[in-house]
Amino acid sequence: MKIRIKYAKTGVLRYIGHLDVMRYFQKALRRAGLDVAYSQGYSPHQLITFAAPLGLGVTSEGEYFDAEMNSVTTSADMVERLNATMAEGMEINDIVALKEGAKTAMAVVAGSDYLVDFREGYVEPERFLQAVDAFYAQEHIEIIKVSKTKETLMDIKPFIYQMEVRDNRIYMLLSTGSVDNIKPELVMEAMCKYLQVEYQKMAFQVHRLETYMRNEQGELVSLLEAGERIS
Amino acid sequence: MEKLALSDEILMEIEKPARYIGNEVNSVMKDKSKIDVRFCMCFPDAYEIGMSHLGIQILYDMFNRMEDVWCERVYSPWPDLDKIMREQKIPLFALESQDPIKEFDFLGITLQYEMCYTNVLQVIDLSQIPLIATERGENDPIVIGGGPCSYNPEPIADFFDLFYIGEGETVYRDLMDAYKQNKQMGGSRKEFLELAAEIEGIYVPQFYNVSYHDDGTIASFEPNNCHAKKKIKKQVVMDFDHAPYPMKPVVPYIKATQDRVTLEIQRGCIRGCRFCQAGAIYRPTREKNVELMKQYALEMIRNTGHEEITLSSLSSSDYTALPELTEFLIEEMGKLKVNIALPSLRIDAFSLDVMKRVQDIKKSSLTFAAEAGTQRLRNVINKGLTEEMIREGAMKAFRGGWTKVKFYFMVGLPTETEEDLMGIPELCEQLAVDYYTIPKEERIGKVSITASSSFFVPKPFTPFQWASMNTEEEFLQKARFVKDGFFQQKNRKSLNYRYHDADLTIMEGIFARGDRKLCPAILQAYQDGCIFDAWHEMFHQEIWDKAFNDHKIDIDFYTHRERSVEEILPWDFIDIGVTKQFFIQEWERAKRGEVTPNCKQQCSGCGAATFKGGVCFENKN
């Protein structure tokens, strides 16, 4: 049986990279005594897969990983046992059992939304906040994508599903996944270009709100929708 | 906890910011308003190295069990951060509270290898504490050193207020009490050092005067303060089963060099190899109860979630209950899908069977610590291993399916001849010949025998402490001679020989048997830019050469010179239980090539029985 675990990564843990987060949860699952399934062989490893890697320095309340289980208890019990062994800054929010035949979190990820805040001392937040609507209203938002061999012009507008001001921060819903993976930093870089301000990565503090997949109707819904709570 | 000592800008700029944020699982947070003593424990190397060290985990746990003490950790900032901290004058901080170390009561530094000495200065300096102990003020932390290199603390004596000689589990409580008492009485820093000097095992370097003969050897080593003892007695835990042991070791986020649960099954070693300092300073050998080990294994895996467990001791094969413990671990860890990493065991039927069960033999190799190429030289170093044992063990391994075998040797051992050096390739060749006596249909392809050698450094508190160490040229010449020897063998295609540069070995040799005259040179090398000397790519020979030259340090005086047994050695003021008389006797026996039986075969009267326990008394009830 497969379960999907939703967690938040906040505070100082924003400095723990993706590979280390994976190692962290492998150990956490053991500490919590959850009955995770393992691969065969001399060095068995847990059968877990993560949804969408989070960049270093970014916080999130909408992270996911899937685990193949030999047996489960209830969602509430597993959440509680995991939370009893979490470091400050990691919190398990929900666990669902995936429906038969559900694809892995990594395979279904289609979008994520973010709040972008301003670090003091870099840019004038007002200028950005006032420009959000006009920036988003452009027909094309072009960026230069640099690959190993060439530089190509890319229009990212179709992959910005929503963009607005919320609570003095910039809210954006972006395409995420193995194709058309748009990072919020890229959007801010485009916005800096639009405002003719030099882009500085440290000017913005990014927080991910949720990770989404598409349902049968093609709407973006939470990754939790692929399963049901175990009671 | 949101408080970080470093800004987002810095953390996003440097490599592996997770080294500096603390907050790891099982790290200990306390309310600093409710504790009396703040202790910062330091391993002066990169975080990933320091977090792999068992000793710090033991002491961290021991201190934090004390209600009135909060022990935190710090490691050497990597050069990228080091540079930023200097430029921006950011004081070095402890990981847990992120508070500056200069606000602490103690900075404890473990000294595990000689090449960390400039990192010691880096940590003190970045903490904004004066480098020279006698220049520290009333509000500066007390800087205390411990660990194996404190058995000759003289090359770094100027930088420490105190050294703790021996195992940390014994008198730290007394030291904390003395500190609190002095603070309550409004005593000065000097008064505390005097109180500390009265505690067994505590050495206060500034309370001693050293004078020298014209030839540079020590003329006298005398206390200059009435509180200082003439001899400092090594501290040993004799109730080993009840010694504190961390059931909840700190679990790092980033991959440490050794990322696993470590069970310390035994301290000390019965073998008495004459080159080995650990074998002498940890005497007498003490074992931990096997039932306790089983209980610890389960509890520590549960509390850490580690995917691997290993055993720690100087010679695990000598642990009485090893079969019982490995049986238990294979059974229980198998259920939990926890890997078992076996330390180097003596190769015999038992260990081969165990290894076969815990690892994929196609991928693993077997390791023999042969140490020397001929029986004569193995007898000189008292390595109780015969050629027959090596060949028999290797044949068993070959028949068991292993085709990769590794050998460790030392080059530059006392009395070594060309014949002994040639014995290294010849022994390897013999094993290859042995391998091909196995009928073709029973063999799994070709054999691969890898020999690697290190260069021998004489250490204090060993029978070789008086011996001459080879020069860099001699070392390299010998290694090339051995390498040529390998090319002459018939099965050379199955054989492989590796050796390293000798420059760091020479440095290690200088510091290992150095005296106080080295302090200013080490200080200068640090001030001229040396840190992380143990990392070969960051080692700057030319800066060290200049520092030695400027301070008129004759390298050969410390390394190449054979000492007479009458000479006052810099570390003679330390009493490790094992007597100087015993070392002299062993030095004589070594030169005659005579083997001394191990502690379980027969007591040789080394002196460690003075601690009234361990192997010295086991067979005498």
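Residues count from 1 along each chain as its sequence is written, chains are lettered from A and ligands numbered from 1 in the order written, and side-chain values use heavy atoms, with hydrogens and water left out. Because the model is predicted, local features need pLDDT of at least 70 and side-chain atom pairs count only at pLDDT 80 or more, while totals for chains, interfaces and linings use all residues.

**View 1. Here is the open sheet of chain B, six strands in the order β2-β1-β3-β4-β5-β6.** Its pairing is mixed, where two strands pair if DSSP finds at least two bridges between them. Helices (H or I, at least four residues) and strands (E, at least two) are DSSP runs, numbered from the N terminus. At the edges sit β2 (69-75) and β6 (202-203) of chain B, each pairing on one side only. Strand β1 (residues 37-43) of chain B runs parallel to β2(B), and seven bridges join the two. Look for Val37(B), whose bridge partner in β2(B) is Val69(B).

**View 2. Two helices of chain B meet the sheet.** Helix α3 (residues 54-65) of chain B packs on the sheet and touches β1, β2 and β3 (106-110) of chain B; contact means heavy atoms within 4.5 Å. The direction of α3 makes about 155 degrees with that of β2(B). Helix α6 (residues 172-184) of chain B lies across β1, β2, β3, β4 (142-146), β5 (162-164) and β6 of chain B, at about 135 degrees to β1(B). Axes are lines fitted to C-alpha atoms, for helices over the stretch in contact, and angles run from 0 to 180 degrees between N-to-C directions.

**View 3. Strand β4(B) is covered on both faces.** Five of the five residues of β4(B) are buried, so the strand is largely enclosed by the rest of the structure. Buried means under 20% relative accessible area, exposed over 50%, and partly exposed in between (1.4 Å probe, protein chains only). Ile142(B), Ile144(B) and Gly146(B) take one side, Val143(B) and Gly145(B) the other. β4(B) pairs with β3(B) in the parallel sense over five bridges, and Val143(B) in β4(B) stands opposite Leu107(B).

View 4. A disulfide is a pair of cysteine sulfur atoms within 2.5 Å. For Cys269(B), the nearest cysteine sulfur is that of Cys273(B), 6.3 Å away. Cys273(B) lies in the loop between β11 (266-267) and α8 (278-281) of chain B and touches Ile381(B), Asn382(B) and Lys383(B), leaving out residues up to four places away in sequence. Cys269(B) is buried at 10% relative accessible area, and Cys273(B) is buried at 16%. Cys428(B), buried at 1%, has its sulfur 19 Å from the closest cysteine sulfur, in Cys273(B), too far for a bond.

**View 5. Domain 1 (8-233) and domain 2 (260-359 + 587-621) of chain B come together here.** Their bounds come from an automatic or database domain assignment. The C-alpha centres of the two domains lie 30 Å apart, and the contact takes seven residues from domain 1 and ten residues from domain 2. Between them they bury about 750 Å², 48% of it on carbon and sulfur atoms; buried area is the accessible area (1.4 Å probe) that two parts lose on being put together, summed over both.
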